[in-house]
Amino acid sequence: MAAAEAGVERAGPLLRLRGRLDRASVAGLWPQAMALLGDAQGLDLGTVEALDSAGLALLAELADRLPRETRRIEGQPPGLAGLCAAYRMNAELIRSEGTV
């Protein structure tokens, strides 16, 4: 089964990402995501098939631009938990206190 093309769209208050978020796709997704971010309240990762460290960096940058009071991250794509642990990030894609 071929991987779905990486993409981003608005889904109500969420920014929905899909496909493989990797080094090959992130550079093209960044301007699209920034154009759609606006007043988004969270990220929907339910259709993300896989990600690498470049994908995690994209998600972390987007999450950092969401309002802290209403920020929500939905979905748990394969590999996200392991990358978050390796980079000492919490479930909201924020680096733990005291890390660099």
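**Exercise 1.** Which residues does Leu17 touch, not counting residues up to four places away in sequence?

*Solution.* Begin with the source: this is a predicted model, in which local features need pLDDT of at least 70 and side-chain atom pairs count only at pLDDT 80 or more, while totals for chains, interfaces and linings use all residues. Residues are numbered from 1 along each chain as its sequence is written, and side-chain values use heavy atoms, with hydrogens and water left out. Next, take contact to mean heavy atoms within 4.5 Å. With that cut-off, Leu17 touches Gly7, Val8, Leu43, Asp44, Leu45, Thr47, Val48, Leu58, Leu59 and Leu62.

**Exercise 2.** Find the residues with the most contacts inside the largest nonpolar core, and the elements that build this core.

*Solution.* A nonpolar core is a set of buried Ala, Val, Leu, Ile, Met, Phe, Trp, Tyr and Cys residues joined through side-chain atoms within 4.5 Å, where buried means under 20% relative accessible area and exposed means over 50% (1.4 Å probe, protein chains only). The largest such core has 26 residues, and Leu17, Leu21, Leu43, Leu56, Leu59, Leu80 and Leu93 have the most contacts inside it. Two or more residues each come from strands E2 (14-21) and E3 (42-51) and from helices H1 (23-37), H2 (53-64) and H3; helices (H or I, at least four residues) and strands (E, at least two) are DSSP runs, numbered from the N terminus. The largest share, six residues, belongs to H2.

**Exercise 3.** Is Leu93 buried or exposed?

*Solution.* Leu93 lies in the segment after H3 and has a positive phi of about 65° although it is not a glycine. Its relative accessible area is 2%, so Leu93 is buried.
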